[in-house]
Amino acid sequence: QVQLVESGGGLVQAGGSLRLSCAASGRTGGAYGVGWFRQVPGRDREFVAGISWTTLYADSVKGRFTVSRDNAKNTALLQMNSLKPEDTAVYYCAATYEVKTGYSSSWLAQADQYEYWGQGTQVTVSS
């Protein structure tokens, strides 16, 4: 069983930066793909960024967020710069160990493509 633990959330002023970390344990070898999602109370969970053989970003975070991974450490990172109040949410990392077929990376944005989820970390951006 894989466990994912997010860290790095907190309170930051608009324009500031945070770096979220997602550490995986319970399985050897890196995940096929890792995604970051966020959720605000009363709204659906939304895709933020994902990484596999390529990266994919939501339009709302392009140019501000960067997703990366360190397979040797079984860790994925989400560097968030130029944060805005509308980035306030609980951020979740998710991982899949299933190989996806096809050439499109659009699956990175689909929550049902991931088998494992972390517990979430709160990010609050004040104006």
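The link between C22 and C93 is right-handed, with 60 degrees about the S-S bond. Keep in mind that this is a predicted model. The bond ties together distant parts of the chain, since C22 sits in strand 3 (residues 18–25) and C93 in strand 9 (residues 89–96), 71 residues apart.

**The disulfide**
- The count for this structure comes to 1 disulfide.
- In the C22 and C93 pair, the sulfur atoms lie 2.0 Å apart.
- C22 has 4% relative accessibility, so with a cut-off of under 20% it counts as buried.
- C93 is buried as well, at a relative accessible area of 0%.

**The largest nonpolar core**
- This core has 36 residues, and the ones touching the most other members are L4, W36, V48, F65, L78, M80 and Y91.
- Strand 9 gives the largest share of the core, with 5 residues.
- As background, nonpolar side chains tend to be buried together in soluble globular proteins.

**A look at Y91**
- Y91 is among the core residues that touch the most other members.
- Setting aside neighbours within four places in sequence, Y91 is in contact with E6, L20, F37, R38, V48, F65, L78, M80, G120, T121 and V123.

Methods:
Residues are numbered from 1 along each chain as its sequence is written. This is a predicted model: local features need pLDDT of at least 70, side-chain atom pairs count only at pLDDT 80 or more; totals for chains, interfaces and linings use all residues. Side-chain values use heavy atoms; hydrogens and water are left out. A disulfide is a pair of cysteine sulfur atoms within 2.5 Å. Helices (H or I, at least four residues) and strands (E, at least two) are DSSP runs, numbered from the N terminus. Buried means under 20% relative accessible area, exposed over 50%, partly exposed in between (1.4 Å probe, protein chains only). A nonpolar core is a set of buried Ala, Val, Leu, Ile, Met, Phe, Trp, Tyr and Cys residues joined through side-chain atoms within 4.5 Å. Contact means heavy atoms within 4.5 Å.
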